[in-house]
Amino acid sequence: MFGGFQQNRAAAYAKVSVETGVNTADPHRLILMLFDGALLQVRTAGIAMQSKDIPGKGMAVSKAIEIIINGLKVSLDMNAGGELAERLAALYDYMSERLLYANLHNSQPALDEVAGLLATLREAWAGIAGQVKTAAA
């Protein structure tokens with residue numbers, strides 16, 4: 001009877017927490033949040049795939065693609081980033097294609113591949129946090 005109420009409260013709290021994080025985060029932290037969001041959606045798609053929740057899988061894959069293309073890729077500075085930005089843009093396009101493939105073919109290996117790529121990029125991005133703060137100062 002109250003399960004839905006508790007879930008709604010938890011979802012509302014999570015939304016406020018994310019919105020607060022976005023409003024107070026520096027640009028470097030925002031990119032980390034995009035990586036975290038994309039990883040969460042890829043994992044959610046995998047869980048939905050295992051439980052044969054086709055609509056849930058499709059929604060999670062769509063959200064992951066949205067974050068990758070309209071968040072991570074759009075944030076690239078193609079002028080200042082040069083070849084690295086071009087390669088990252090191509091990698092983000094590849095990840096998007098692999099997610100579409102995973103959705104259409106129920107491919108857990110494709111989801112795992114994208115999750116691995118995202119995790120590696122996130123780790124590298126997190127690793128330069130100190131350098132970004134030093135350069136900004």
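How many residues does helix 3 have, and what distance does it reach from its first C-alpha to its last? In this predicted model, helix 3 runs over residues 54-73, which makes 20 residues, and spans 27 Å between its end C-alpha atoms. That is close to the 28 Å expected at 1.5 Å a residue.

At its N-terminal end, helix 3 is capped by Asp53. A side-chain oxygen of Asp53 lies 2.9 Å from the backbone nitrogen of Gly56. Gly56 is itself one of the buried residues of helix 3, a list that also includes Lys57, Gly58, Ala60, Val61, Ala64 and Leu72. The cover over these buried residues includes helix 2, helix 4 (78-105) and helix 5 (108-127).

Ala48 gives a view of this region from helix 2, which covers residues 27-50. Ala48 has 7% relative accessibility and therefore counts as buried, the cut-off being under 20%. Beyond its neighbours within four places in sequence, Ala48 is in contact with Asp53, Gly56 and Lys57. Asp53 is the capping residue of helix 3, and Gly56 supplies the backbone nitrogen in that cap. Further along the chain, Ala60 is twelve residues from Ala48, with 8.4 Å between the two C-alpha atoms.

The largest pocket holds about 450 Å³ of space. Its lining consists of 18 residues, and Leu76, Leu84, Leu88, Trp125 and Ile128 are those nearest the centre. Helix 2, helix 4 and helix 5 each contribute at least two lining residues, with the largest share, five residues, coming from helix 4. By class, the lining has 14 nonpolar, three polar and one charged residues.

Methods. Residues are numbered from 1 along each chain as its sequence is written. This is a predicted model: local features need pLDDT of at least 70, side-chain atom pairs count only at pLDDT 80 or more; totals for chains, interfaces and linings use all residues. Side-chain values use heavy atoms; hydrogens and water are left out. Helices (H or I, at least four residues) and strands (E, at least two) are DSSP runs, numbered from the N terminus. Buried means under 20% relative accessible area, exposed over 50%, partly exposed in between (1.4 Å probe, protein chains only). Contact means heavy atoms within 4.5 Å. The expected span of a helix is 1.5 Å times one less than its number of residues. A polar contact is a pair of N or O atoms within 3.5 Å; within protein, one must be able to donate a hydrogen and the other to accept it, and residues adjacent in sequence count only if both atoms are side-chain atoms. On a 1 Å grid over the protein atoms alone, a cavity is a set of points where a 1.4 Å probe fits but cannot get out, and a pocket is an open set with protein on both sides within 12 Å along at least five of seven lines; lining residues have an atom within 4 Å of a point. Grid points are joined across faces, edges and corners, and a volume is the space filled by probe spheres set on the points. Ala, Val, Leu, Ile, Met, Phe, Trp, Tyr, Cys and Pro count as nonpolar, Asp, Glu, Lys and Arg as charged, and the others, Gly among them, as polar.
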